[in-house]
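I opened the structure to look up a few side chains and how they are packed. My notes follow in the order I made them.

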Amino acid sequence: MLKKMSMALAASVFVFGAAVSVAQAQEVEEIKFLIPGGAGGGWDGTARGTGEALTKSGIVGSASYENMSGGGGGKAIAHIIETKDHDTLMVNSTPIVIRSLQKVFPQSFRDLTPIAGVIGDYGAIVVGKNSDISDLGGLVAAYKANPKKVAIGGGSVAGGMDHLIAALVMKNAGENPTDVKYIPYDAGGKAMAGLLSGEISALTTGFGEALELARQGEVKVLCVTSLTRPDASPDTPTCDEAGSTGTDFVNWRGFFAAPGLPEDKKAAYVAAFEKMYATPEWIAVRDRNGWVEIFNPGEDFTNFLQQQEEEVGGLMKELGFL
C-alpha cells in the first residue's frame with residue numbers, strides 16, 4: 001500500500017511539475033486572431049499556423065479565429081480600432097501599406113499597434129521552361145530592345161504588389177519602370193497558363209510558389225528579390241547580383257493589435273512570438289508552409305513599415321498610381 005501511495009504521489013508531483021513548466025512557458029493566456037480575408041488564403045494560413053504553434057508549444061493558452069472579409073482588408077482594420085479588444089491580434093501583410101497609400105481604406109498601420117513581422121515571402125521573376133531567356137540579363141536586354149514585346153504577368157491588379165516588383169526590378173536594372181507592360185491575372189493558375197502559352201514573357205510571383213513550380217520543371221527562376229540567396233535554393237541568384245542593383249522586396253506577414261495597447265501586453269505578445277521560433281511546433285508549421293522567418297518586433301516593425309511605405313509610395317508615384 002505504501003509503495004502504491006508513493007507511486008501515486010510521484011505521479012502527481014510529475015503532473016504538477018509539468019503543469020508548472022507549461023505555465024512558466026506561457027506568455028499570453030488568450031489570442032483572438034482576426035483575419036481580414038476568407039478561409040484558405042495567405043492571411044488565414046498565417047494566423048492559423050502561427051496560432052497552432054503558439055498553443056501546441058504552451059506559449060499561448062488558447063487561440064480563436066475570426067474571418068472578416070471586406071473593403072480590401074479595411075473592414076477588419078476598422079473593427080479592431082473600434083472594439084479596442086486587447087486580446088485580439090489582426091494578421092496583415094504588405095497590402096496594408098499599398099492599399100492605405102491608394103486610399104482603399106482611410107486607415108494605415110499608424111492607426112494600429114504594430115506587434116511583429118513574423119514571416120515573409122520574397123518575390124521572384126520566372127520564365128517558362130521552354131523560354132529562350134535563361135537569366136535576368138536576357139530579360140532586361142529584351143525589355144531594353146522593345147518593352148512592348150516583353151509582357152510581364154502577375155496575380156495582382158495593375159499597381160498591385162506583383163506589378164510593383166516587376167517595375168522595381170526593371171528600374172534597378174537601369175530601365176524605365178513606367179514602360180513595363182504588365183498583364184494582371186486573377187489567379188495563379190491563369191497566370192501560369194499565360195506564361196506557358198507565351199501570352200506573357202515572364203511572371204512575377206512569390207518565391208515559395210516559384211520554387212515549387214521550378215521543382216516541378218514548369219519554370220526557370222531568374223532571380224529572387226532578397227539581398228542574400230535563400231537557404232531553400234542557394235543556386236538561385238538574387239536580383240541584385242543578377243543586375244537589378246539593390247533590389248530588396250519582401251511580402252511580410254505580421255500581426256497588429258488595437259490602438260492604445262498597454263506596453264506590458266505588447267511586450268508579452270512580442271516575447272511570445274520570439275519564443276515561438278525555437279519550438280519544434282513552429283518549425284513543423286514553418287517547413288510545412290515553406291515560410292521564411294523575418295522577425296521584426298515592436299519598434300523595428302514600425303520602422304520597417306515606414307521604410308516600405310516610403311519606397312513603395314515613391315515607386316507608385318513614379319508609375320502614376322498615386
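Entry 1, E309. I located E309 in helix α11, which covers residues 298-319. The model is a predicted one, and I read the entries below with that in mind. I then listed the contacts of E309, leaving out neighbours within four places in sequence. The list holds V97, L101, F109 and R110.

I counted 9 aromatic pairs. One of them is W252 with F256, a tilted pair with 6.1 Å from centre to centre and 55° between the planes. W252 is buried at 0% relative accessible area, and F256 is also buried, at 0% relative accessibility. I next looked at W252 and F301. Their ring centres are 5.4 Å apart with planes at 85°, so I noted the pair as edge-to-face; the cut-off for that label is over 60 degrees. W252 sits in strand β9 (residues 250-257) and F301 in helix α11, so this pair ties together parts 49 residues apart in sequence. F301 counts as buried, with 0% relative accessibility. I also recorded one aromatic cluster, formed by F33, Y65, F255 and F273.

Which residues of α10 (residues 280-289) are buried? I found W282, V285 and R286. Viewed down the axis of α10, the buried residues fall within an arc of 100°, so they line one face of the helix. An α-helix has 3.6 residues a turn, so residues three or four places apart point the same way. On the other side of α10 I noted P280 and R288 as exposed. I then checked what covers the buried residues of α10; the cover includes α2 (42-56), β4 (113-128), α9 (263-276) and β10 (292-297). After α10 comes G290, which has a positive phi near 70°.

Side chains of opposite charge can pair when their charged atoms come close. I counted 12 salt bridges and wrote down several.

D44 forms one with R48, and the closest N and O atoms are 2.8 Å apart. Both residues lie in helix α2, 4 residues apart, which is about one turn of the helix. D44 is buried at 7% relative accessible area, whereas R48 is partly exposed at 32%.

R288 of α10 came up again here. Its side chain meets that of E52 in a salt bridge of 3.1 Å, N to O. This pair links distant parts of the chain, with R288 in helix α10 and E52 in helix α2, 236 residues apart. R288 counts as exposed at 53% relative accessibility, because the cut-off for exposed is over 50%. E52 counts as partly exposed at 22%.

E241 and R229 form a further salt bridge, 2.7 Å from N to O. Both E241 and R229 lie in the loop between β8 (219-224) and β9, so the pair ties together parts that are 12 residues apart in sequence. E241 is partly exposed with a relative accessible area of 44%, and R229 is partly exposed at 37% relative accessibility.

Last, I looked for salt bridges that share partners, and noted that they join E52, K56 and R288 into one network.

Terms used: Residues numbered from 1 in each chain as written. Predicted model: local features only at pLDDT ≥ 70, side-chain atom pairs only at ≥ 80, totals over all residues. Heavy atoms only, no water. Helix = DSSP H or I, 4+ residues; strand = E, 2+ residues; numbered from the N terminus. Contact = heavy atoms within 4.5 Å. Phe/Tyr/Trp six-rings, centres within 6.5 Å; stacked < 30°, edge-to-face > 60°. Buried < 20%, exposed > 50% of the residue type's maximum accessible area, 1.4 Å probe, protein only. Arc of directions from axis to C-beta. Salt bridge = Lys/Arg side-chain N within 4 Å of Asp/Glu carboxyl O.
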